Each structure stands twice: as structure tokens, then as C-alpha cells.
Amino acid sequence: MNGMNEFERGSQAYQTNGTNMPQKSGLATAALILGIIALCIALIPILNLFFLWFGLLPLIFGIVALVKTESKGKAIAAIVSGVLSFVLAIAVCVIAFVVIESYDEPAYNKPAYNESEREPTWEDYAEVSIGRFEVIEKEYSTDTKVTVRVKNKSSEIRSFYVKVEAVDKNGDRIDTDTIYVSDLGAGQGQKFDIFKYVSSEDLNKMKNATFRVVDVTVY
């Protein structure tokens, strides 16, 4: 009788231990493998966007394995890898986009200069129009002039110092003259006469001269 009780107790202990033993971890292992694959795919730009759904597999399988009390370590690792695959895929795509945006284009694709980056010149502020050389014969004298119009192209009141030169057909300078324009309003223009005093020896040269702006200083 005592022997039978011993046998029954042993049988009951065996059944109890068998029930408490963890089940096989096949599902948890599969979930972990899928999680590793999902992480690898997440490292591939562009492609990872099309396979974001793949990260759901280790997440779902890991949760199921956890519920079935399979290997908890593998199940939790699978769930974590599934979540990380989503985060990693998005991070890789963002980094790839930033790198592409900052990529330096080849020189042949670039404009000769960037209009917004260049230093402004006087031509951005002033417009200088030079008329022709005029000779006015009088009874006792000969008057000369070249009419120059200076216009303020900017949106603020500005003053200008304009230097004009006369050169012959060989490009040699004959003479220079200057204009000072004070406090021109935005869009306002003013005319001035220059080269009003020309020596008789330079008169014929000035009739065939070319007149051009040497420099303009903006105040």
C-alpha cells in the first residue's frame, strides 16, 4: 500500500514537472530570425520603405510566442528587433535624404555664378546714360558739353560720385570729368553737363572720342 502511494506520488510529481516545463521554442526562434532579417533590411535605403511591413512579423510571432510561454528571452528579443527595424528604417531613409540633398553637384551642372551670393556693383544702384559730344560755336567762343543722366535704381535715397573718361579710337585717354549727385530719391534721375572746358588742341579728338564710365561710388 505504501509502495503504491509512493508510485502515485512519483507519477503525480512527474506530471506536475512535465506541465511546468517550458514548451519548445520553435516559434520564438523563428520570430527572432525574422527580427534579425528585418534589421538587415532596415539598413538598406529605399528598399527598407517597401519592406516596413516585414518588421511586423517578428513583432507578431514574438508576442504569440510570449503568450504561449515559449522561450521568453527569444520572444522578447524578437519583439524588440521588430520595433527597432521600424525605427532604423526611418532613420536610414532620413539620413540618405539629407546626404542626397547636400550632395555637391558637378561643376558643369552649376550656373556660372549665384545671383544671390555675388557682391553688388554700382550698376545695381545707379544707371548712367552718356550723351554725345556737342560743340556750340559762338561769336567769340566755342562751348562744348556731354550730357550725362544719372538715375538712382535703388529703393533708398543715395548719392553718387561718377567719373567719365573720353578715349580715342586707339583706346588712349584724352580727358576725364566727374559728377557728384547728391541725395537722389528712389527712382529719381538728374542730368549734368560735363567736358564743358576742352582745349582747342583736344577739340578734334573729342569730336571722335568714345565716352565711358570709369567708376561710380555710391553713398
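These legends describe close-up views of a predicted model. Numbering starts from 1 along each chain as its sequence is written, and side-chain values use heavy atoms, with hydrogens and water left out. Local features need pLDDT of at least 70 and side-chain atom pairs count only at pLDDT 80 or more, while totals for chains, interfaces and linings use all residues.

**View 1. Helix α5 and its cover.** Helix α5 covers residues 72-101; helices here are DSSP runs of H or I with at least four residues, strands are E runs of at least two, and both are numbered from the N terminus. Its 30 residues should span 44 Å at 1.5 Å a residue, and the end C-alpha atoms are 44 Å apart, so the two agree. The expected span is 1.5 Å times one less than the number of residues. Buried residues of α5 include Ala75, Ile79, Gly82, Val92 and Ala96. Buried means under 20% relative accessible area, exposed over 50%, and partly exposed in between (1.4 Å probe, protein chains only). The cover over these buried residues includes α2 (26-42), α3 (47-50) and α4 (56-67).

**View 2. Ser85 in α5.** Ser85 belongs to helix α5. Its relative accessibility is 5%, so Ser85 counts as buried. The Ser85 side chain reaches the backbone oxygen of Gly82 at 2.6 Å. Beyond its neighbours within four places in sequence, Ser85 contacts Ala38, Leu39, Ala42 and Gly55; contact means heavy atoms within 4.5 Å.

**View 3. The three-stranded sheet.** An open sheet has the order β4-β3-β6, with antiparallel pairing. Strands pair if DSSP finds at least two bridges between them. The edge strands, β4 (173-184) and β6 (210-218), each pair on one side only. Eight bridges join β3 (residues 158-167) to β6. Glu165 stands opposite Arg212 in β6.

**View 4. The largest nonpolar core.** This core has 22 residues. A nonpolar core is a set of buried Ala, Val, Leu, Ile, Met, Phe, Trp, Tyr and Cys residues joined through side-chain atoms within 4.5 Å. Phe160, Val162, Phe195 and Phe211 have the most contacts inside the core. Elements that each supply at least two residues include β1 (126-137), β2 (142-152), β5 (189-194) and α6 (200-207). Leaving aside neighbours within four places in sequence, Phe211 touches residues including Ile130, Val146, Phe195 and Met206.

**View 5. Gly171 in a loop.** Gly171 lies between β3 and β4. With a relative accessible area of 40%, Gly171 is partly exposed. Gly171 and Thr210 are 39 residues apart in sequence but 8.6 Å apart in space, C-alpha to C-alpha.

Definitions and conventions: Polar contact = N/O pair within 3.5 Å; in protein donor to acceptor, adjacent residues only side chain to side chain.
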